[in-house]
Amino acid sequence: VTFALAILNYYTGQEFHNPIYAVPTRQIVNNVKVQATASDLIIADHDTVFGYYYLASPGPALFQTTDLTANQTTIGALDPTRVWLISFGRDRTAVRSETEALASWLATDYIEHSRQGYGEVGASYRWVKERLLHRPAYASKLTVTQYVRVR
């Protein structure tokens, strides 16, 4: 059933089931670069390719890939005003990813200010996945979450 639904949607273009190639990464990088300041830190999952485009023509904010220990050290040393967390929605086991762990850790000194999803995943895919795996499925392939320091 899943295979048939995927083929049908692929040829009719009704829904994206794996919209990785539909994510406008370069435009997202440019949008974040325009908003980010020198007192900000941008953290992105390696496979989002955000770093590739950002580092080719860097903006004022410091950039790091997701590495919980390194990110915690940098945040502790620099005390950024805002942290931008760029992550992919992905299939994973029940074990939390480093991105999720970092987001939880940020909650001690930062609040989520904004969240923007890109590459919306089809509703039928999410419905099937949630019933099969008994857990929420991601709604967007890439998410940009901005955290603001509260202290």
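Predicted model: local features only at pLDDT ≥ 70, side-chain atom pairs only at ≥ 80, totals over all residues.

Is tyrosine 147 buried or exposed? I looked up the relative accessible area of tyrosine 147 and found 7%. Buried means under 20%, so tyrosine 147 counts as buried.

Entry on the surroundings of tyrosine 147. I located tyrosine 147 in strand 5, which covers residues 140-149. I then listed what tyrosine 147 touches, leaving out residues up to four places away in sequence; among them are Thr81, Arg82, Val83, Leu85, Tyr110 and His113. For histidine 113 I also looked up the separation: tyrosine 147 and histidine 113 are 34 residues apart in sequence, yet 5.3 Å apart in space, C-alpha to C-alpha.

Entry on backbone angles. I reminded myself that most residues other than glycine have a negative phi. I therefore looked up residues that depart from this pattern.

Where does valine 49 lie? I found valine 49 in the loop between strand 1 (40-44) and helix 3 (50-56). Phi of valine 49 is near 70 degrees, a positive value, although the residue is not glycine. With a relative accessible area of 37%, valine 49 is partly exposed.

Histidine 134 lies in the loop between helix 6 (123-133) and strand 5.

Methods: Residues numbered from 1 in each chain as written. Heavy atoms only, no water. Helix = DSSP H or I, 4+ residues; strand = E, 2+ residues; numbered from the N terminus. Buried < 20%, exposed > 50% of the residue type's maximum accessible area, 1.4 Å probe, protein only. Contact = heavy atoms within 4.5 Å.
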